[in-house]
Amino acid sequence: MYKIEQINNHTVEFRVDTSLFSDSVISKILYWLSDRYIVYRESLPDPHKQRIVLTLHDSTTVIQPTDFDRLKQKLSQDFTDFHTREIIQQETIDIRNILFVKAFANRDDFVEFHFSDNQ
């Protein structure tokens with residue numbers, strides 16, 4: 001995420017580098033913002049950039065400077081958090097698959113795998 005700016009009293013805009021953050025990460029973050037904001041998402045001519053515009057649902061409220069600072073902090077934290085979760089999920093998928101297979105296998109039909117010669 002970069003270049004976050006307040007466009008007017010109701011709208012914030014920022015850019016996302018899609019070579020750094022997957023569609024899944026971006027979508028999860030925007031989902032959690034959709035309770036307060038209408039979300040507009042646009043792919044830019046640069047193939048690895050997206051423009052995101054957040055507009056308050058309630059047009060009678062205004063984004064105060066403290067709200068804008070909080071939003072910037074939340075976006076930064078959420079991008080880091082969801083991206084890290086995605087990395088951990090990718091790195092541990094084989095372990096999780098082994099645990100699922102072992103947990104749900106019929107004990108009589110399951111062949112034990114010994115990963116060490118000392119067993």
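Which residues point one way from S2, and which the other way? Hold that for a moment.

First, the ground rules. This is a predicted model, where local features need pLDDT of at least 70, side-chain atom pairs count only at pLDDT 80 or more, and totals for chains, interfaces and linings use all residues. Residues are numbered from 1 along each chain as its sequence is written, and side-chain values use heavy atoms, with hydrogens and water left out.

Now the layout. The chain has two helices and four strands. Those are DSSP runs, numbered from the N terminus: helices are H or I with at least four residues, strands are E with at least two. In sequence order the pattern reads β-β-α-β-β-α. Of the 119 residues, 27% count as buried. Buried means under 20% relative accessible area, exposed means over 50%, and partly exposed lies in between, with a 1.4 Å probe and protein chains only. The accessible surface comes to about 8,600 Å², and carbon and sulfur atoms hold 54% of that. These areas come from the Shrake-Rupley method with a 1.4 Å probe; for residues, only the protein chains shown count as cover.

One number on contacts. A contact means heavy atoms within 4.5 Å. Take contacts between residues at least 6 apart in sequence: 55% of them join residues at least 24 apart.

Back to S2. Thr11, Glu13, Arg15 and Asp17 point one way. Val12, Phe14 and Val16 point the other way. Both sets are buried. That makes seven of seven residues in S2, a strand that is mostly covered.

What does S2 pair with? S1 and S4. Pairing takes at least two DSSP bridges between two strands. S1 joins S2 through three bridges, antiparallel. Gln6 has Val12 of S2 as its bridge partner. S1 and S2 form a hairpin, with four residues between them. S4 also pairs with S2 in the antiparallel sense, over seven bridges. There, Thr11 has Thr55 of S4 as its bridge partner.

Why does Arg15 count as buried? Because its relative accessible area is 18%. Its side chain makes a polar contact with the side chain of Glu13, at 3.1 Å. A polar contact is a pair of N or O atoms within 3.5 Å; within protein, one must be able to donate a hydrogen and the other to accept it, and residues adjacent in sequence count only if both atoms are side-chain atoms. Leave out residues up to four places away in sequence, and Arg15 touches Met1, Tyr2, Lys3, Leu44, Gln50 and Arg51.

Lys3 sits in strand S1. Its phi is positive, about 50°, although it is not a glycine. For background, most residues other than glycine have a negative phi.

On to helix H2, residues 65-104. H2 bends by about 55° at Thr92. That bend is the angle between axes fitted to the seven residues ending there and the seven starting there. The buried residues of H2 are Asp67, Phe68, Leu71, Leu75, Asp78, Phe79, Phe82 and Glu86. Their cover includes strands S1 (2-6), S2 (11-17), S3 (37-43) and S4 (49-56), and helix H1 (23-33).

Asp67 of H2 is buried because its relative accessible area is 15%. Beyond four places in sequence, Asp67 touches Arg36 and Val62.

That brings us to Val62, in the loop between S4 and H2. Buried or partly exposed? Val62 is partly exposed, because its relative accessible area is 30%. Setting aside neighbours within four places, Val62 contacts Asn9, His10, Leu56 and Asp67. Val62 and Asn8 are 54 residues apart in sequence, yet 8.8 Å apart in space, C-alpha to C-alpha.

Last, the rings. How many aromatic pairs does a search of the whole structure find? Three. Rings of Phe, Tyr and Trp (its six-membered ring) pair if their centres lie within 6.5 Å; planes under 30 degrees apart count as stacked, over 60 as edge-to-face and the rest as tilted. Tyr31 and Trp32 form an edge-to-face pair, 5.1 Å centre to centre with 80° between the planes. Both of these residues are exposed. Ring pairs also link Phe14, Phe21 and Phe79 into a cluster.
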